[in-house]
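User: Hi! Could you walk me through this protein model? I'm new to reading structures.

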Amino acid sequence: MYNFDQIVDRAHTSNVKYDLREMYFGNADVMPMWVADMDFETPDFITQAVQKRAAHPVYGYTFMPEAYYSSIIIWLQKRHCWPIEKDWMIFSPGIVPAINFAVQAFTKKGEGVIVQPPVYFPFFSAIEDQGRRRLDNQLIFDGERYRIDFDDLEKKAKDAQMIFISNPHNPVGRSWTKDELQQMADICMRHDVVMISDEIHNDIVLPGHKHQPMALVSEEANELTVSCIAPSKTFNIAGLSTSTVIIKNPELHNKFKKVLDDAHIQSGNLFGIEASIAAYTHGEVWLGEMLDYLQNNFNFLADAIHNTFKSIRVINAESTYLAWLDFRDCQFSDEELKELLVEKAGLGLSPGSIFGPGGEGFQRMNFAAPKSVVTEAVARLKKVFN
Ligand SMILES: Cc1ncc(COP(=O)(O)O)c(C=O)c1O
């Protein structure tokens with residue numbers, strides 16, 4: 001029904017991915033496969049809802065209507081068998097703001113916060129810029145797949161107040177299993193570590209895999225869990241700054257809400273609200289088709305790289321639209337790799353080193369683009385790495 005092959009000209013729309021290439025790569029012509037949004041059109045049922053609201057000539061103060069909450073509640077129940085209540089939900093103008101607010105709500109200056117690198121780098125600045133101590137529980141890579149170092153986590157948890165969990169994990173593409181999350185939760189419960197489960201990618205789980213919300217691991221785990229969800233990645237509406245934090249435990253809920261109330265962040269974005277309701281009400285068919293398209297893109301990319309390059313490997317993506325490419329066998333420094341990718345191949349990827357320890361020698365490639373773009377990216381890699 002939907003056409004994901006269509007190329008959409010995004011230049012000069014004040015979007016980071018295309019319009020800030022010069023600033024980030026020093027080259028405005030690279031094929032941009034870095035920022036985590038999609039090159040697909042935002043689906044029509046969302047653009048129509050936004051256009052309908054935009055047609056009314058007054059854009060005054062707004063609030064979250066009942067449909068905002070009920071559309072999310074129904075979606076989570078249907079897609080993740082996750083029953084939540086309206087009273088647990090708090091609006092946030094994004095997940096990055098939410099994790100920064102969580103630092104303020106649940107930790108004091110000098111206290112420890114665990115991250116699991118290589119991981120989404122704004123986790124680092126949320127901790128360090130606010131004077132907290134970052135504790136790295138680096139993931140273990142066995143050459144095929146990433147897993148959690150539970151022994152190290154147990155040690156770090158003794159010294160920590162909170163952990164940021166990327167679930168599913170950006171950039172390594174893991175959908176953590178119930179067993180893995182259970183083990184993580186058991187450790188955190190033993191040491192009273194608040195778990196911020198960033199589930200922004202929860203709906204971008206590729207066919208054959210399943211998203212496990214941390215809050216559903218057990219009743220006890222839910223008491224220590226702060227879940228962050230949003231329609232932004234799934235439906236390509238990141239520019240509308242609309243997301244939701246779900247906290248069942250009243251004590252944690254009130255602490256978090258107080259930080260947002262103090263910052264007077266309650267009303268949300270008029271168009272974000274309409275988009276969120278439309279996404280969660282009408283999004284299922286589109287999402288199903290989009291996930292099949294993503295899987296097809298990933299299979300193409302993985303096969304092409306496997307068949308063409310001896311020294312580049314693709315880590316299997318269980319979720320997200322971000323491929324994690326291992327260039328370590330090429331034996332280039334990160335600087336040399338950047339120079340080759342940007343200047344010789346004309347490709348704008350995210351260097352692995354920005355995701356912290358364990359990211360060196362890797363690159364992250366966003367494959368949420370028409371297949372012709374992914375095909376061209378492989379051709380550009382061939383020009384240089386063959
Ligand atoms: C794990 C993760 N969290 C948060 C975000 C961004 O959140 P937001 O745009 O809602 O601030 C991203 C975007 O790539 C992400 O990958």
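**A chat about the model**

Analyst: Happy to! Helices (H or I, at least four residues) and strands (E, at least two) are DSSP runs, numbered from the N terminus.

User: What is the phi of serine 14?

Analyst: Serine 14 is not a glycine, yet its phi is positive, about 55 degrees. Most residues other than glycine have a negative phi, and most peptide bonds are trans.

User: Before we go on, what kind of model is this?

Analyst: This is a predicted model, where local features need pLDDT of at least 70, side-chain atom pairs count only at pLDDT 80 or more, and totals for chains, interfaces and linings use all residues. Residues are numbered from 1 along each chain as its sequence is written.

User: Let's switch to the ligand. Which residues come nearest?

Analyst: Ala36, Gly94, Ile95, Val96 and Asn170 come nearest, out of 13 residues around the ligand. A residue is near a molecule or strand if its C-beta atom, placed from the backbone, lies within 6 Å of it.

User: How does that shell divide by class?

Analyst: It has 7 nonpolar, 5 polar and 1 charged. Ala, Val, Leu, Ile, Met, Phe, Trp, Tyr, Cys and Pro count as nonpolar, Asp, Glu, Lys and Arg as charged, and the others, Gly among them, as polar.

User: How do strand 3 and strand 7 pair?

Analyst: Strand 3 (residues 112–115) and strand 7 (residues 160–166) pair in the parallel sense, over 3 bridges. Isoleucine 114 stands opposite isoleucine 163 in strand 7.

User: What about the sheet of 4 strands?

Analyst: That open sheet has the order 11-12-15-14, and its pairing is antiparallel. Its edge strands, strand 11 (313–315) and strand 14 (350–351), each pair on one side only. Strand 12 and strand 15 (residues 362–366) are joined over 5 bridges, and tryptophan 324 has arginine 364 in strand 15 as its bridge partner.

User: Last topic: how is the protein divided into domains?

Analyst: There is domain 1 (16–43 + 284–385) and domain 2 (59–282), with bounds that come from an automatic or database domain assignment. Their centres, taken over C-alpha atoms, are 25 Å apart.

User: How many residues are in contact there?

Analyst: 29 residues of domain 1 are in contact with 29 residues of domain 2. Contact means that C-beta atoms, placed from the backbone, lie within 7 Å. Helix 13 gives the most to the side of domain 1 that touches domain 2, with 6 residues. By class, that side has 16 nonpolar, 9 polar and 4 charged residues.

Definitions and conventions:
Pairing = 2+ DSSP bridges. Contact = placed C-beta atoms within 7 Å.
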